[in-house]
Amino acid sequence: FITSTQPRNPNNNPNMSDDANGPFTTNAQDQENVAKLKARLAETSSSTPKTSTSSTNNKDSSISSVSIDNGRHKYVLISAESPSDGQERYFVVSKKGATYHVNAAEPFVEQLETLRFGNIRVTGGGRIDCNPETKTMAIFGYSYGFGLANHAISQSVVAADERYKHYDITISNEGY
């Protein structure tokens, strides 16, 4: 199913949720870490040099647009400009054990920076429940720190990945 309803917080508490990963879904430290990452990306996005060399092209294609751990985990949608041609690319990243969305984002952002991608932005987040046995994937929810990801973009990025072409991929803005 695909829905377009707004995210909700059933407890009406910005620091709590009935999340399977524990009751705390954000805190002041998480919000500070998100703010630091956003500020760093905003500062570096304008200063990242654009290059177009064959070695950059090889590096550009060496990073997958999809990095999803099996199970139910926090995920982020990241956009960045390719160092080889300046074209915008999207990346869907979930990480087992990521306590907060920033924990899923930071290691991948560092990879993109190393490969000289420019204008890197974490556009939002949510959850991904990936079940390889049933070949199903649910993309849903939102991130307190990064906001609601455009799950339709995430769905299309994942569906374009050869590893997930036979998966039933659903999206919803409901849940957390």
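A salt bridge is a side-chain nitrogen of Lys or Arg within 4 Å of a carboxyl oxygen of Asp or Glu. By this rule, the structure holds five salt bridges. The model is predicted: local features need pLDDT of at least 70, side-chain atom pairs count only at pLDDT 80 or more, and totals for chains, interfaces and linings use all residues. Residues are numbered from 1 along each chain as its sequence is written, and side-chain values use heavy atoms, with hydrogens and water left out.

Figure 1. The chain has four helices and eight strands; helices (H or I, at least four residues) and strands (E, at least two) are DSSP runs, numbered from the N terminus. Their order along the sequence is β-β-α-α-β-β-β-α-β-β-α-β. Of the 176 residues, 43% are buried. Buried means under 20% relative accessible area, exposed over 50%, and partly exposed in between (1.4 Å probe, protein chains only). Among contacts (heavy atoms within 4.5 Å) with a separation of 6 or more, 70% are between residues 24 or more positions apart.

Figure 2. The side chains of Glu32 and Lys36 meet in a salt bridge, with 3.2 Å from N to O. The two residues are four apart in helix H1 (residues 28-45), so about one helical turn separates them. Glu32 is partly exposed, at 39% relative accessible area, and Lys36 is exposed, at 51%.

Figure 3. In the salt bridge of Glu88 with Arg121, the closest N and O atoms are 3.3 Å apart. This pair links distant parts of the chain, since Glu88 lies in strand S5 (residues 88-94) and Arg121 in strand S6 (residues 118-131), 33 residues apart. Glu88 is partly exposed, with a relative accessible area of 44%. Arg121 is also partly exposed, with 39%.

**Figure 4. The salt bridge of Lys165 and Glu162.** The side chains of these two residues come to 3.0 Å, N to O. Lys165 is partly exposed, with a relative accessible area of 46%, while Glu162 is exposed, with 57%.

Figure 5. Helix H3 (residues 101-114) has 14 residues and should span 20 Å at 1.5 Å a residue; its end C-alpha atoms are 21 Å apart, which agrees. The expected span is 1.5 Å times one less than the number of residues. The buried residues of H3 are His101, Val102, Ala104, Ala105, Phe108, Val109 and Leu112. Seen down the helix axis, they fall within an arc of 145°, so they line one face of H3; the arc is that of the directions from the helix axis to the C-beta atoms. Tyr100 sits in the loop between S5 and H3 and counts as buried, at 15% relative accessibility. The C-alpha atoms of Tyr100 and Asn33 are separated by 9.8 Å, although these residues are 67 apart along the chain. After H3 comes Arg116, with a positive phi near 70°.

**Figure 6. Helix H4 and the strands it packs against.** In helix H4 (residues 151-160), the buried residues are His151, Ser154, Gln155, Val157 and Val158. They cover an arc of only 165° around the axis, which puts them on the same side of H4. These buried residues pack against strands S3 (66-67), S4 (71-81), S5, S6, S7 (136-140) and S8 (168-172). At the start of H4, a side-chain oxygen of Asn150 reaches to within 3.1 Å of the backbone nitrogen of Ala152.

Methods: Polar contact = N/O pair within 3.5 Å; in protein donor to acceptor, adjacent residues only side chain to side chain.
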